[in-house]
Amino acid sequence: MESTSSSRNEGKNIEQQSRKQQKTNAIDYLNYIPEAIVFHILSLLPLEELIIMSLISKEWKGIAMRYLLMVPSTLNLNELEMPGTILRRNPQCAICGKSISSCNSSQRQNHLMYAARKKFIEFVDRSFQLHSNCIIKNLQLSCRYKANDKYGYTRKIDSWVNLAFTNDIKMLSLDFSRGKLSEPSELGQPYKLPHGCFAPKILETLILNFCKFRPSSFQFFASLQRISLVQVEVFDCTLAELASKCPVLEDVSLENCVFPDEFMMSGENIMIKTLSVINCETHEWPMYDIDLSTPCLQMFTLIGNYLLTSRIRNATEIRDVVIGIKEIHANHIQGDALGSLLIGLSHARSVTVNPWCIQMLLNFASTSYKLTLQQEFQEDVPEIFDFEEQIYWDTQNSTFSCLENSLRKVTIDRFSGSINEMKMIQFLLKKARVLQEMEVIAISTNSIPEDTSQQQEKYLWFQHHTSQTLWNYPRASAKATIAIC
């Protein structure tokens, strides 16, 4: 019996050795493929499949990492897309063991979110692991952040954000908004960026959405050229202090943000080229003072509800200006603030304003520029527009330097043919001595109620009649043309 069992063991050992010998003698065809061809094949793979390939063996992982070292990646890590991927593959639920599609509606949603988050965490972890020591061209990380997290997901997000700010990334977008855009007063509890003395070396573009941002957590942005903040609470910083950490910063965009009271005030020069501030507030008030020196500024956008003291200094390079203040909140104090703001932007070639700004703009003297009037129609008329519209423009006999010497092009959007609009156009044509072109864009017929075809016919007739009237208005400039769209 002993001899029989020993002979069987010897037979197994011989068989195992034979298999090992066969593997040793097997031809590794991968070694015969030029690396350039392998890299081309890898470039056709989605990131998820590239990660799976890297898990096959150390050799395949090495190939994938060498490829990523040579070809900077673009990573889109979006948790909002993960549930769809889970449903398409119809996996077993990690909670109940059943197929997610077989659960009832409430269970299905909860189990789907659980499975999607688990899958997403694994996917992001492997993505960062595979790209360690690699240059990432563009990283977009979107997470379903929720305050008062009980399952430690916020700590996982913190670790990813730390990796994002310490890795070599050229363009970084961090979005915790769940795809929603809220007013500044309704932000709730945004994600709080982790503290750390970050100093990204090659980061050129930074986009943050729905988070709390403390620039003091960053030492230096050596290469940052563009920063865009959407639904972001900014703490303990001014625009000038932020710019001082970014020596090559050119573009600053703030939308639906909340920042300190003195964020938009500085006595130092800020060398940015583009500044956009849309629907922002301070931590205490829905308005803020503006006092900036921007000698390199070329494009400036300001949209909001209110204006306080507003001044842009040394803006000698400014080309395009967009200002939109909601009319229902307008008053004469804000009108004075607008006038001060426009004086500092007197070098602008193109000025786009809403109707509330028109009266102040008529006193805005500058070199030649293009004027765009944005028509907005509301039921509530502010006190500043409480005048007799049928005679207002006829009574304006003052001399306006900008109209006589500078205004060359006017664009009027959403034109409806109201009496005040017609009088305003007649006034501009009568006063603008160097006007070359007036473009009138009629309000879309889609905005007209379609109760009856007769109503539509009346509108078309009215539009044609209005066009004939405009063409017959006298013009101070013999070169002025009118184009009606």
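The legends below describe close-up views of a predicted model. Residues are numbered from 1 along each chain as its sequence is written, and side-chain values use heavy atoms, without hydrogens or water. Local features need pLDDT of at least 70 and side-chain atom pairs count only at pLDDT 80 or more, while totals for chains, interfaces and linings use all residues.

View 1. Leu-193 lies in the loop between strand E4 (191–192) and strand E5 (205–213). Helices (H or I, at least four residues) and strands (E, at least two) are DSSP runs, numbered from the N terminus. Leu-193 is buried, with 7% relative accessibility; buried means under 20% relative accessible area, exposed over 50%, and partly exposed in between (1.4 Å probe, protein chains only). Neighbours within four places in sequence aside, the contacts of Leu-193 (heavy atoms within 4.5 Å) are Val-161, Leu-174, Phe-176, Leu-208, Cys-211, Lys-212 and Phe-213. Its C-alpha atom is 9.3 Å from that of Ile-157, a residue 36 places away along the chain.

**View 2. Aromatic pairs.** The structure contains eleven aromatic pairs. Rings of Phe, Tyr and Trp (its six-membered ring) pair if their centres lie within 6.5 Å; planes under 30 degrees apart count as stacked, over 60 as edge-to-face and the rest as tilted. Tyr-145 and Tyr-191 form an edge-to-face pair, because their ring centres are 5.4 Å apart and their planes stand at 70°. This pair joins distant parts of the chain, 46 residues apart: Tyr-145 is in the loop between strand E2 (135–142) and helix H7 (153–166), and Tyr-191 is in strand E4. Tyr-145 is buried at 12% relative accessible area, and Tyr-191 is buried at 0%. The rings of Phe-259 and Phe-263 are stacked, with centres 4.8 Å apart and planes at 20°. Phe-259 is buried at 0%, as is Phe-263 at 1%. Elsewhere, ring pairs connect Phe-165, Phe-198, Phe-213, Phe-218 and Phe-221 into a cluster.

**View 3. Charges over rings.** A charge sits over a ring if NZ of Lys or CZ of Arg is within 6 Å of the ring centre and within 35 degrees of the ring normal. The charged end of Arg-117 is over the ring of Tyr-153, 3.7 Å from the centre. That of Arg-214 is over the ring of Phe-235, at 4.6 Å from the centre.

**View 4. Cysteines.** Zero disulfides (pairs of cysteine sulfur atoms within 2.5 Å) are found in the whole structure. For Cys-280, the nearest cysteine sulfur is that of Cys-257, 4.7 Å away. Cys-280 is buried at 5% relative accessibility, whereas Cys-296 is partly exposed at 25%.
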